[in-house]
Amino acid sequence: MRFTARIQVMLKPAVNDPQGNAVLGSLHSLGFDGVRDVRVGKMLTLDVEAPDEPSAHRDVHEMCDKLLANPVIEAYEADIRPA
């Protein structure tokens, strides 16, 4: 079966986000003073072949743990659905 995985990777709340701070400063300089915080992350979309949904979940989480996210400073959420 084919599955689509959408993975959102974000820095953990305790980790400083210099890119987010730069975006925040730029938004303020453009007059968007109501923005209080910015966190920058990444979104990945994968097409995955797996025999069943539990296998797809296991594979995607293993990919995240081994390559797609740094578990020391990042957290991730994965939404996996049949394609």
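The buried residues of helix α2 pack against strands β1, β2 (41-49) and β3 (74-82) in this predicted model. In α2, the buried positions are Ser55, Ala56, Val60, Cys64 and Leu68; buried denotes a relative accessible area under 20%, exposed one over 50%, and partly exposed a value in between, with a 1.4 Å probe and protein chains only. An α-helix has 3.6 residues a turn, so residues three or four places apart point the same way. Helices (H or I, at least four residues) and strands (E, at least two) are DSSP runs, numbered from the N terminus. Packing and contact refer to heavy atoms within 4.5 Å.

Residues are numbered from 1 along each chain as its sequence is written. Because the model is predicted, local features need pLDDT of at least 70 and side-chain atom pairs count only at pLDDT 80 or more, while totals for chains, interfaces and linings use all residues; side-chain values use heavy atoms, with hydrogens and water left out.

The chain contains two helices and three strands, arranged from the N terminus in the order β-α-β-α-β. The radius of gyration of the chain is 16 Å, well over the 12 Å that the globule rule gives for 83 residues, so the chain is more spread out than a compact globule. This radius is taken over C-alpha atoms, and the rule is 2.2 Å times the number of residues to the power 0.38. Along its principal axes, the C-alpha trace spans about 50 × 25 × 15 Å. Of the 83 residues in the chain, 24% are buried. Among contacts between residues at least 6 apart in sequence, 73% join residues at least 24 apart.

The largest nonpolar core has twelve residues: Phe3, Ala5, Ile7, Val9, Val48, Ala50, Ala56, Val60, Cys64, Leu68, Ala69 and Ile80. The elements that give two or more residues to this core are β1 (2-11) and α2 (53-68). A nonpolar core is here a set of buried Ala, Val, Leu, Ile, Met, Phe, Trp, Tyr and Cys residues joined through side-chain atoms within 4.5 Å. In soluble globular proteins, nonpolar side chains tend to be buried together.

Beyond residues up to four places away in sequence, Ala5 touches Leu44, Thr45, Leu46, Val60, Asp79 and Ile80. By contrast, the C-alpha atoms of Ala5 and Asp37, 32 residues apart along the chain, are separated by 28 Å. Val9 is likewise found in strand β1 and is buried, at 1% relative accessible area. Leaving aside neighbours within four places in sequence, the contacts of Val9 are Gly41, Lys42, Leu44, Leu68, Ala69, Glu74, Ala75 and Tyr76. Val9 and Asn70 are 61 residues apart in sequence, with a C-alpha to C-alpha distance of 9.0 Å.

Asp52 and Arg81, 29 residues apart in sequence, are 11 Å apart in space, C-alpha to C-alpha.
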